[in-house]
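Welcome, and please load the model in your viewer. We will go from one selection to the next and look at what is there.

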Amino acid sequence: EILATVRDKSDLKLPWYSKIEGLHYGLCERQSQSITSPTAVRAALRSIFTNLWTKERLDNKRLGFYNLIKPTFGREPYLDLELTMVREIATFRCSGHSLAVETGRHGAKRESIVNRACRHCSC
């Protein structure tokens with residue numbers, strides 16, 4: 001069992017043990033089965049996270065662009081580029097740029113999305 005290696009710590013009343021025990025119990029309840037290996041714990045946590053990530057992503061209207069470029073959970077190839085490029089791409093993907101499509105959404109002069117065209121080119 002996964003908790004067998006730390007079960008002797010339960011008598012010491014250590015807070016971290018009760019948290020691990022609670023997490024293990026919660027995972028077993030969610031998965032409707034006993035999870036007995038580190039690989040199974042990792043798979044269960046990944047499944048839970050992926051489901052929550054998908055739900056939150058689809059429910060958030062502001063993530064329209066993000067949803068177009070990131071439809072599934074997984075590591076992105078751009079993360080292997082040079083760090084400065086990774087920062088630039090991540091900023092763009094998270095709408096942290098100053099393009100009209102983002103800045104026109106805020107402030108007193110809010111514009112509809114169709115009027116938030118790029119002012120730097122003829123796109």
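A word to settle before we click on anything: a residue is called buried under 20% relative accessible area, exposed over 50%, and partly exposed in between, with a 1.4 Å probe and protein chains only. The model is predicted, so local features need pLDDT of at least 70 and side-chain atom pairs count only at pLDDT 80 or more, while totals for chains, interfaces and linings use all residues. Residues are numbered from 1 along each chain as its sequence is written, and side-chain values use heavy atoms, with hydrogens and water left out.

**The whole chain**

Start with a cartoon view. Helices here are DSSP runs of H or I with at least four residues, strands are runs of E with at least two, and both are numbered from the N terminus. Of the 123 residues, 20% count as buried. The protein exposes about 9600 Å², and carbon and sulfur atoms supply 58% of that area; accessible areas come from the Shrake-Rupley method with a 1.4 Å probe, and for residues only the protein chains shown count as cover.

Now colour by pLDDT, the predictor's confidence in each residue, from 0 to 100. The mean is 75, and 59% of the residues reach 70 or more. Which elements have the lowest and the highest mean pLDDT? Helix α5 (residues 100-103) has the lowest, at 67, and helix α4 (residues 83-93) the highest, at 88. Where pLDDT is low, the predicted coordinates should not be read in detail.

One more overview number concerns contacts, meaning heavy atoms within 4.5 Å. Among contacts between residues at least 6 apart in sequence, 20% join residues at least 24 apart.

**Stop 1: Leu23**

Select Leu23 in helix α1 (residues 15-31). Leu23 is partly exposed, at 46% relative accessible area.

**Stop 2: three salt bridges**

Side chains of opposite charge can pair when their charged atoms come close. The structure holds three salt bridges, each a side-chain nitrogen of Lys or Arg within 4 Å of a carboxyl oxygen of Asp or Glu.

- Lys55 and Asp59: the closest N and O atoms are 2.8 Å apart. These two residues sit four apart in helix α2 (residues 38-59), so about one helical turn separates them. Lys55 is partly exposed at 48% relative accessibility.
- Lys70 and Glu76: here the closest N and O atoms are 2.6 Å apart. Lys70 is buried at 6% relative accessibility, and Glu76 is buried too, at 18%.
- Arg75 and Asp80: the N to O distance is 2.7 Å. Arg75 is exposed at 60% relative accessibility, and Asp80 is exposed at 59%.

**Stop 3**

Next, centre on Asn67 in helix α3. Buried or exposed, where does Asn67 fall? At 19% relative accessibility, Asn67 counts as buried. Its side chain makes a polar contact with the side chain of Arg57 at 3.0 Å. Such a contact is a pair of N or O atoms within 3.5 Å; within protein, one must be able to donate a hydrogen and the other to accept it, and residues adjacent in sequence count only if both atoms are side-chain atoms. Leaving out residues up to four places away in sequence, Asn67 touches Arg57, Leu58 and Asn60.

Pick Leu58 from that list: it belongs to helix α2 and is exposed, at 55% relative accessibility. Pro71 is 13 residues from Leu58 in sequence and 9.5 Å away in space, C-alpha to C-alpha.

**Stop 4: Tyr78**

Move to the loop between α3 and α4 and select Tyr78. Tyr78 is buried, with a relative accessible area of 16%. Setting aside neighbours within four places in sequence, Tyr78 is in contact with Val86, Ile89, Ala90 and Arg93. For Ala90, twelve residues along the chain from Tyr78, the C-alpha separation is 8.9 Å.

**Stop 5: a nonpolar patch**

Finish with a surface view and select Phe65, Leu68, Phe92 and Leu99, a nonpolar surface patch with about 380 Å² of accessible area together. Patches are made of residues with over 30% relative accessible area and no salt bridge; like charges are joined within 9 Å, and nonpolar side chains (Val, Leu, Ile, Met, Phe, Trp, Tyr) within 5 Å. Leu68 lies in helix α3 (residues 64-69) and is exposed, at 69% relative accessible area.
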